[in-house]
Amino acid sequence: MLYAVHCVDAKGVDELRSSHLAPHKEYLVGQKHILVVGGALFTEGTDELLGSLYIVNVANREAAEAFSKGDPFTQAGVFGTVTITAMRKSHWNPASA
């Protein structure tokens, strides 16, 4: 089942994010077997980071939560909020990415 994992950064975490960026990226590479797509969210027209969004393909909500809890950004407190929502694949157009 697909889950959207929407993460919003806590305030003032730029240095924290930077110091955990390498382990975060390594973690995501290690999760490629479930990570459909993911990336940083930012304010349009700027490079101000707001958080991250991931679509994961896992068996259940508990597995989606485990994905989120295993992320070094989550563990370090980079994300102020994490919302996990089940979703249905209605349209799939990877060539448009």
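The model is predicted. At 9% relative accessibility, under the 20% limit, Phe-79 counts as buried. Phe-79 forms an aromatic pair with Phe-73, and Phe-79 also touches Arg-17.

**Strands and their pairing**

- Strand β1 covers residues 2-9 and strand β4 covers residues 79-87.
- The two strands β1 and β4 run antiparallel and are joined by eight bridges.
- Across this pairing, His-6 is placed opposite Thr-83 of β4.
- Strand β1 also pairs with β3, again in the antiparallel sense, over seven bridges.
- Here Ala-4 has Ile-55 of β3 opposite.
- Strand β1 is mostly covered, with six of its eight residues buried.
- Strand β2 (residues 35-42) pairs with strand β3 (residues 49-57) over seven bridges, in the antiparallel sense.
- Within this pairing, Gly-38 has Tyr-54 in β3 as its bridge partner.
- Strands β2 and β3 make a hairpin, with six residues between them.
- In the turn of that hairpin, Gly-45 has a positive phi of about 80°.

**The nonpolar core**

- The largest nonpolar core holds 17 residues.
- Val-5, Tyr-54, Val-56 and Phe-67 have the most contacts inside this core.
- At least two residues of the core come from each of β1, α1, β3, α2 and β4.
- Strand β1 gives the largest share, which is three residues.

**Aromatic pairs**

- A pair of aromatic rings is described by the distance between the centres and the angle between the planes.
- The count of aromatic pairs in the model comes to three.
- In one of them, the ring centres of Tyr-27 and Phe-67 are 5.9 Å apart; the planes stand at 35°, so the pair is tilted.
- This pair links distant parts of the chain, as Tyr-27 lies in helix α1 (residues 14-30) and Phe-67 in helix α2 (residues 61-70), 40 residues apart.
- Tyr-27 has a relative accessible area of 16% and is therefore buried, the limit being under 20%.
- Phe-67 is buried too, with a relative accessible area of 3%.
- Phe-73 and Phe-79 form an edge-to-face pair, with 5.8 Å from centre to centre and 80° between the planes.
- Phe-73 is buried, and its relative accessible area is 0%.
- One aromatic cluster is formed by Tyr-27, Tyr-54 and Phe-67.
- In that cluster, Tyr-54 is the bridge partner of Gly-38, and both Tyr-54 and Phe-67 are among the residues with the most contacts inside the core.

**Arg-17**

- Arg-17 is located in helix α1.
- With a relative accessibility of 8%, Arg-17 counts as buried.
- Residues up to four places away in sequence not counted, Arg-17 touches Asp-9, Leu-49, Gly-51 and Ser-52, among others.
- Its contacts also include Phe-73, Val-78 and Phe-79, and Phe-73 and Phe-79 are the two members of the edge-to-face pair.

Definitions and conventions: Residues are numbered from 1 along each chain as its sequence is written. This is a predicted model: local features need pLDDT of at least 70, side-chain atom pairs count only at pLDDT 80 or more; totals for chains, interfaces and linings use all residues. Side-chain values use heavy atoms; hydrogens and water are left out. Rings of Phe, Tyr and Trp (its six-membered ring) pair if their centres lie within 6.5 Å; planes under 30 degrees apart count as stacked, over 60 as edge-to-face and the rest as tilted. Helices (H or I, at least four residues) and strands (E, at least two) are DSSP runs, numbered from the N terminus. Buried means under 20% relative accessible area, exposed over 50%, partly exposed in between (1.4 Å probe, protein chains only). Contact means heavy atoms within 4.5 Å. Two strands pair if DSSP finds at least two bridges between them. A nonpolar core is a set of buried Ala, Val, Leu, Ile, Met, Phe, Trp, Tyr and Cys residues joined through side-chain atoms within 4.5 Å.
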